[in-house]
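Thanks for coming. I have one structure to show today, and I will go through a few of its packing contacts.

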Amino acid sequence: DVSGWDGVQGLPSGADQPFYRMVPDMGDCVGLLGGPRGVRYVAQENLEELPLSERAISHELLPHFFDGFDAASGTFLPVQQLRYWYSRDPLPDTGLAVLAAEQAAAALDKLSALLHSHALDARGAGLLEPLMLLLGAAGSAADSAAAERAALALLAAHPSGEVRELMRASERSVEGDDLLAARGALDEALDIDAGHAELFARRAAVHLRAGRPEAGLSDARDALQRDARHFAARTLEGSALRELRRYDEAVDAFEAALRLHPWAPGVVPNIFKAERARRILGNA
C-alpha cells in the first residue's frame, strides 16, 4: 500500500495511477540524499521530462539494461533482451545499434577463429581417430552428441581462411535456399583444395537438395576417397543411392554409416525406407 507515502499524498490521482521502477542518478543520490540508492518506485505524476543535456545518468545497474547512451537523441539503447521483451517499442535512431551488432559480429568471428584454430591443432595431433572410437562406442544418442560435434568440427577444419569463408558463404546460401550460389562457393573452394573431403560432402548435400542424386553420389564418394571416416559423406552416399533406386547399395551405405556413427540422425529410418522399397520392387 503506497497511499501513505509522502511522495504520493497530495498527488491528483493519489495511489490510483501507474508506478514505475526507476534507476536514479548516483551523482544526484550522493549530492541530494547523502549516499547511493538502488531502484526507486515512483508514481507517474512525479515524473517529468528532462532536457537532453540532463538525460545522461550514472548507475551501477545501467550496463545490465542498456548497451550505451546516445547524447544526440538523449536516449539509452536497451540490451537485446529488453528489445525482445518490448519489441513494439521503437528503437532510437542512433548508430549504437549498428555498433552493437558490429561488435557482436566481431566477437563471434574471434570466437570462431579461436575454435577453428583449436580444431586444426586437434586434427593435427591425431585426435580425430579417438573421437571416432568414442562415437562408435556411444551407448545413446545423447552420449554421442558431443563426440559428433567435435568430429564434425575436425572434419571441416581447414588452414585456409579463403576456403573457410567460402564454406561459410555456401552455408549462408543454403540457408537462403540459393543452391546455385552454394554450389558455386564450394566449386571455388575445391579449385583451391580438391583434397578436402568436407568440401565434397557439402557439395554432395547441395546436389541432393537440388534433386541431382547422380552428382550427389559422385561427390559423396569423392569425399569418402579422401577420408573414409567421414560419416556424413557415407550417409549422403546412402541417400543418393536410395534416390537412384539402387536400394541394395543404399542399405549397405547406410549400414556402413552406422558402423562409424551408430546414432547418426535419420539413418535407421532411411534403412527401413530403402528395405521397404526393395521389397515392393521385388514384389512388383
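Which residues in α10 meet which residues in α11? On the α10 side they are Pro213, Gly216, Leu217, Ala220, Arg221, Ala223 and Leu224. On the α11 side they are Ala233, Arg234, Leu236, Glu237, Ala240, Leu241 and Glu243. By class, that contact has nine nonpolar, one polar and four charged residues. Before I go on, please note that this is a predicted model.

Now the geometry of that pair. Helix α10 covers residues 213-226, and α11 covers residues 231-243. The two pack at an angle of about 155 degrees, and their axes are 8 Å apart. Angles over 145 degrees count as roughly antiparallel, so α10 is roughly antiparallel to α11. Their crossing is left-handed.

Helix α11 has another neighbour to discuss, α9, which spans residues 197-209. The axes of α9 and α11 come within 10 Å and cross at roughly 25 degrees. The cut-off here is under 35 degrees, so α9 is roughly parallel to α11. This crossing, too, is left-handed. From α9 the contact takes in Ala201, Ala204, Ala205 and Leu208, and from α11 it takes in Ala233, Leu236, Ser239 and Ala240. Those residues divide into seven nonpolar, one polar and no charged.

On α11, Ala233, Leu236 and Ala240 are among the residues that contact α9. Ala233, Leu236 and Ala240 are also among those that meet α10.

In α7 the residues involved are Glu162, Val163, Leu166, Ala169, Ser170, Ser173 and Val174. They meet Ala181, Ala182, Ala185, Leu186, Glu188, Ala189 and Ile192 in α8. Sorted by class, this contact has 10 nonpolar, two polar and two charged residues.

Last, a pair of strands. Strand β3, residues 66-70, pairs with strand β4, residues 75-78, in the antiparallel sense over four bridges. Which residue in β4 is the bridge partner of Asp70? That partner is Thr75.

I will take questions now.

Key. Residues are numbered from 1 along each chain as its sequence is written. This is a predicted model: local features need pLDDT of at least 70, side-chain atom pairs count only at pLDDT 80 or more; totals for chains, interfaces and linings use all residues. Side-chain values use heavy atoms; hydrogens and water are left out. Axes are lines fitted to C-alpha atoms, for helices over the stretch in contact, and angles run from 0 to 180 degrees between N-to-C directions. Angles under 35 degrees count as roughly parallel, over 145 as roughly antiparallel, 65 to 115 as roughly perpendicular and the rest as oblique. A crossing is left-handed if the near helix is turned anticlockwise from the far one by less than a right angle, and right-handed if clockwise. Contact means heavy atoms within 4.5 Å. Ala, Val, Leu, Ile, Met, Phe, Trp, Tyr, Cys and Pro count as nonpolar, Asp, Glu, Lys and Arg as charged, and the others, Gly among them, as polar. Two strands pair if DSSP finds at least two bridges between them.
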